[in-house]
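Let's take a friendly walk through a protein model. Have a look at the picture first, then read on.

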Amino acid sequence: MITRIWHGWTNLENAPKYEELLRSEVLPGIHRIKGFQGAHLLRRDGTDEVELVTLTYFESLADVKEFAGPDYTLAVVPPEARKLLSHFDGRSEHYETILKID
């Protein structure tokens, strides 16, 4: 399994809107991708901004490429999400998942 990690930051006002967008549209939309194995959404509030981290899980690197395209490290950030983010990682990191405990 492959874990894809990505970070985005938003201001305090937009954080609930961005979180709702991820919960209601972005992450459920990924469920249609072959090999998608789930996701985690992490949140850390700062003084002036909120950091949100997505961890998405795919069966294989080929499935990640199905989701992200041939340049699979490039961040996949829909236009409606970009409007709510103050900045974000331009690239995602990928790791081989060697242990997953449910």
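## Salt bridges

E13 counts as exposed, because its relative accessibility is 61% (exposed means over 50% relative accessible area, buried under 20%, and partly exposed in between, using a 1.4 Å probe and protein chains only). Its side chain meets that of K17 in a salt bridge, 3.9 Å from N to O (that is, a side-chain nitrogen of Lys or Arg within 4 Å of a carboxyl oxygen of Asp or Glu). K17 is partly exposed at 45%.

Seven salt bridges turn up in the structure. Another one joins D63 and K34, with the closest N and O atoms 2.9 Å apart. D63 lies in helix α2 and K34 in the loop between α1 and β2, so this pair ties together parts 29 residues apart in sequence. D63 is buried at 3%, while K34 is exposed at 58%.

## Helix α1

Helices here are DSSP runs of H or I with at least four residues, strands are runs of E with at least two, and both are numbered from the N terminus. Helix α1 covers residues 15-30, and its 16 residues should span 22 Å at 1.5 Å a residue, which agrees with the 21 Å between its end C-alpha atoms (the expected span is 1.5 Å times one less than the number of residues). Its buried residues include Y18, L22 and I30.

## About the model

This is a predicted model: local features need pLDDT of at least 70, side-chain atom pairs count only at pLDDT 80 or more, and totals for chains, interfaces and linings use all residues. Residues are numbered from 1 along each chain as its sequence is written, and side-chain values use heavy atoms, leaving out hydrogens and water.
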